[in-house]
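This report describes how two protein chains meet in one model, and then turns to individual residues. Please keep the sequence and the structure in view while reading.

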Amino acid sequence: MAETMTATTPPPVKLGQKVPEFDVETFEPSKGDFGTFRLRDQIANKRWTLLFFYPADFTFV
Amino acid sequence: MGCDIVTCSTDTKFTHLAWQRSEKELANVKYTMAADPTGKLSRMFGVYNEDNGLDLRGSFLIDPEGKLMGSEMNFYNLGRNIEEQLRKFKANIYMAKKGGNEVCPSKWKDEGDKTLVNPGAKMVGRVHEALQGS
């Protein structure tokens, strides 16, 4: 537990700033297939994004 | 205006698939499950814990122009309240629609609730009166 109490660095992306472009590999449960999520697609499609980080699969979220 | 939910951990996409298929609580999920095994995306948002390679519980709302509009981070031992996430998301959509001169106070829950318009010098020391609508 002691090592998990270490403070982490503050968010590099600041509120009100543009988030740097990113691509990330995904699993899409609705399609049962793998895919790629791209921030630029969200901007092109005028969609909001809620990015929800959690520690690990197979645990409570 | 629509919003897409993207969950992310440092597990691989293969683990996401296996978890979603085996955990009955996840049988009906529609959201995208992003895999960040290198921690690259997680570091961008400051949620990556270098000590154990796991992400902290962080939520980030990005607007349709790619701007970061909301951030919330909890340590491992505290879950997030979905009602509050939804409240903040609704408030952001509402303010984006109204365009800049209207703000949502802490008690704002949904469209129709009291907002503050043009907060400025006149409102300094008079927030109570402004919230009462006088």
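A:Leu50 has B:Ile5 of E1(B) as its bridge partner. The model is a predicted one, in which local features need pLDDT of at least 70 and side-chain atom pairs count only at pLDDT 80 or more, while totals for chains, interfaces and linings use all residues. Residues are numbered from 1 along each chain as its sequence is written, chains are lettered from A and ligands numbered from 1 in the order in which they are written, and side-chain values use heavy atoms, with hydrogens and water left out.

E3(A) and strand E1 of chain B (residues 3–9) run parallel and are joined by six bridges; strands are said to pair if DSSP finds at least two bridges between them. Helices (H or I, at least four residues) and strands (E, at least two) are DSSP runs, numbered from the N terminus. E1(B) is in turn joined to E2(B) by four bridges, again in a parallel arrangement, and there B:Cys8 has B:Ala34 as its bridge partner. B:Ala34 also stands opposite A:Thr26, and E1(A) is linked to E2(B), residues 32–35, by three bridges in an antiparallel arrangement.

## Chain A

Chain A holds one helix and three strands, which follow one another from the N terminus as β-β-α-β. Of its 61 residues, 36% count as buried, where buried means under 20% relative accessible area, exposed over 50%, and partly exposed in between (1.4 Å probe, protein chains only). Among the contacts in chain A with a separation of 6 or more, residues 24 or more positions apart account for 3%; contact here means heavy atoms within 4.5 Å.

## The interface

How many residues does each chain bring to the contact? Chain A gives 49 residues and chain B gives 66. The area buried between the two chains is about 5400 Å², with 64% coming from carbon and sulfur atoms; buried area is the accessible area (1.4 Å probe) that two parts lose on being put together, summed over both.

Two salt bridges are found across the interface, a salt bridge being a side-chain nitrogen of Lys or Arg within 4 Å of a carboxyl oxygen of Asp or Glu. A:Glu25 and B:Lys13 meet through their side chains in a salt bridge, at 3.2 Å from N to O. On the side of chain A that touches chain B, the elements giving two or more residues are strand E1 (23–28), strand E2 (33–38), helix H1 (39–44) and strand E3 (48–53), and E3(A) gives the most, with six residues.

## Two buried residues of chain B

B:Gln85 lies in helix H3 of chain B, residues 82–98, and is buried at a relative accessible area of 7%. Leaving aside neighbours within four places in sequence, B:Gln85 is in contact with A:Leu50, A:Phe52, B:Ser59, B:Glu72 and B:Arg80.

B:Thr115 is found in the loop between strands E7 (102–103) and E8 (116–117) of chain B, and counts as buried because its relative accessibility is 10%. Beyond neighbours within four places in sequence, its contacts include B:Tyr94, B:Cys104 and B:Trp108. The C-alpha atoms of B:Thr115 and B:Pro105 are separated by 6.3 Å, with the two residues 10 apart along the chain.
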